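Hi there,

Here is the model I promised to pass on. Please have a look, and my notes follow below.

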Amino acid sequence: MSERITPKEFEQWLLQPENEKLLKIIADRLYQKMIFQNISLPGLNLQLSDAREIYQELLAFILQKPGIQETLLQGARGIASYISTGFLNHVIERVRSKEESKDIYDNAWRYFYRRVSVVLSESSEVKTYKSRNRGLCFGMSDTKPNTIILAEDLMAIAFPDDIPMNYKAMTKKKTILKLAVYFWKESAAATFEPHIRISIRDFVSWVNRYVRLSASIESFPLTGNSEEEKYKFNPLINKADDPEPDSEKLSYIRKWAVNFLNILQGEEKKIFYYYECQGLKNNEISALMGKKANLSYQRDKLRARLKTFLRPLEWLSPEPVWKNERPDLDAFRFFRNRLCEKLEQTIMVNGG
Amino acid sequence: MYTRKQALAFAIQIRTCPPPDVRNQKDYQTENKRHRDICPFCSTDIKNEIDAWNVLSVNFKKRINPPNFHHDKKDIKKGQLRVLNKNLCRWRDGYYYNEPLVIVLKDQSEIDDEILVAQTWHDIYLASPGDLVVPETLRTGSYEFFIEPWNIYILKKQYLGQYLGKVADDVVEQTLKMHENPNILPDWAPRLLPLMEDDPRLYFQELEIKTGYSFSIQAVNELMEKQTSNIFSFASDSVDMLIAKIKKVKSDIEWLWQPETIEECFALLRFAPEAISLSASADDHKEIVAACLCLRDGEIKAVKPVECPVFHEKSSSEGYTVTGEIPGFAEGMKELSFMCFISDKKNRSLTPGKWSWDGISKNFLARFDRIKGKDDCVSIIIIDDISEKDRL
């Protein structure tokens, strides 16, 4: 795979109208993902801009990505996850970089990220390493880790009892070090990887699960002694359900409900409707459908099929390893209601 | 933050959504419509991203025209990473199964053109215990990927397409070892975290089984015709004589109904519950209890149950197919032969099926030209026949 063209030729090739059009399609999708994930380019208000801005950034990103030509030759398989995800990480890194952060005190998240990087780099308690894909990482050992770990594998780690969950405390050198060492130890134990290296990006994401990284004061009363009771009112741990999915999400969810309706065939529609929409009992459903046997086996199979359908979809199913993560319940409710409405219409039309 | 859920979403699109050229084919209008009706990615604009990357990649290949893409297809060697032939991609149940990349596990046999392969996937974040992530030092010509030692199948040589890279011999050997024992992991391989409840990797494994099945079934259809069994050595026996011979070695054996033919004497064999190990009933996994008849110089020496885990079952208008594993027999046992049947107790009818068993992976595939009814039973008969001259 050593065949290559020069960077200039590659750029010219990318700018050919056909390829430019393709990159714009990709930029459209990335723009949408950035809106959903609330990631933006420095100085850019996504809500007030459009995908053209993202196209320019994507083009620049591709042109400077090492090994991009070889990756393209591998086919679509790896590119989507490799470049698209790489691009979103690149945007995050750019936002936090020195060059882009002249007013870092306006962005507490960004400030915290850089503060952690500086504190850990200067510390003798931990070692820092630069990773091509994961940015700056920290750990305790020179031996390279040999376990494949994703950030989501570490997100269930509980916040320590003895560190206050507020932003002001977070920025102190002593607190950052204590928290980093704690998180590293817990991560090593959770993954049985004694040489684990944690990216600062993942560490900050974990902190942000418990502490609002904002300079504005956010207080909540501490109650009870147990961990669960004490932070009962922490708004990050006990998030209220979203008031309502936004219109972008709703348009996807409507289509997904129809997709699942179409997956159900023949009598499956009725079985699903009676059990999941009407909440009828086994004997009632058997009687309605003129069956002697209990249909719970079929119901279980349909539930499993629904789970398989929902598993890869954003919002509708939670990340399983994040024990305190929940699906967007309103999105799911909307999905279920929509599905039930459609099922009812179908069953009525077919004389159910 | 990249999550396994996102990785699963990409995997589903790459494995089961029609690529742009197929989506625009008039011949596939019905299939494409069905797919759009049920696919959460193609019915929205989510799929546009992968499609665009796909076309960009094809365009770039045309621009650069790398020499590897014209690699000699005849020069198939152990350890090669190859993509399966695009012509084998098929529509099934509303999904279009795209060609996977496989590792060749054995050099091509001199006798026939069968190739043993293991399926692979490039995104290592979907690997789970039992998979083998290939480190950079043991591969050439390819980016990171992992091998699925539990997803091994036989293909015809002509099913293999473009050569993409190669792994070291040790990787192939370890893959075969892990197929036998998924708990083995070579020192050089990265460790993988255990599966959690509802882990996206579980759903990915289901997807991989369906993908492998879609491609292996086509080869199996050709290979299974070769299988024969040698029950006909009993053709001169009466049914009663044969029943007596079987009862002599296993007195508690029963038949689903009173056999009237030699074939039924084997196909309707049923073991007493106590003859089957506890694991069979304690486990939730489906299995078929096969009957193994050990013949020595034409004499029945033993009849024993063999518990065969079932991997996948499929009923369609074309018939019924079941895949699984027959454990406990050594590779290359030429004295083994097999039969499979669906027994319909209500109508007292027997339907023989086509059969394939791979001595290396131990996987079987049985296919019947009829649907399996709710009360029908699948029987597998294994004949282990060694004559005096074979033992010398």
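Strand 2 of chain A, residues 135-139, is joined to strand 4 of chain A by 2 bridges, and the two run antiparallel. They belong to an open sheet of 3 strands in chain A, with the order 1-2-4 and antiparallel pairing. Strand 1 (127-131) and strand 4 (198-199) of chain A are at the edges with a single partner strand each, so one side of each has no neighbour in the sheet. Strands count as paired if DSSP finds at least two bridges between them; helices (H or I, at least four residues) and strands (E, at least two) are DSSP runs, numbered from the N terminus.

Before the rest, some housekeeping. This is a predicted model, in which local features need pLDDT of at least 70 and side-chain atom pairs count only at pLDDT 80 or more, while totals for chains, interfaces and linings use all residues. Residues are numbered from 1 along each chain as its sequence is written, chains are lettered from A and ligands numbered from 1 in the order in which they are written, and side-chain values use heavy atoms, without hydrogens and water.

Now the charges. Over all chains there are 25 salt bridges (a side-chain nitrogen of Lys or Arg within 4 Å of a carboxyl oxygen of Asp or Glu). One of them joins Asp153(A) to Arg4(B), at 2.7 Å from N to O. This pair crosses between chains, from the loop between strand 3 (147-148) and helix 7 (167-170) of chain A to helix 1 (residues 4-16) of chain B. Both Asp153(A) and Arg4(B) are buried (under 20% relative accessible area; exposed is over 50%, partly exposed in between, with a 1.4 Å probe and protein chains only).

Within chain B, Asp75(B) and Lys77(B) form a salt bridge whose closest N and O atoms are 3.5 Å apart. Asp75(B) is partly exposed at 33% relative accessible area, and Lys77(B) is partly exposed at 43%.

Finally, two rings have a charge over them (NZ of Lys or CZ of Arg within 6 Å of the ring centre and within 35 degrees of the ring normal). The charged end of Arg299(A) sits over Tyr275(A), 5.0 Å from the ring centre. In chain B, Arg92(B) has its charged end over the ring of Tyr97(B), 5.0 Å from the centre.

Best wishes
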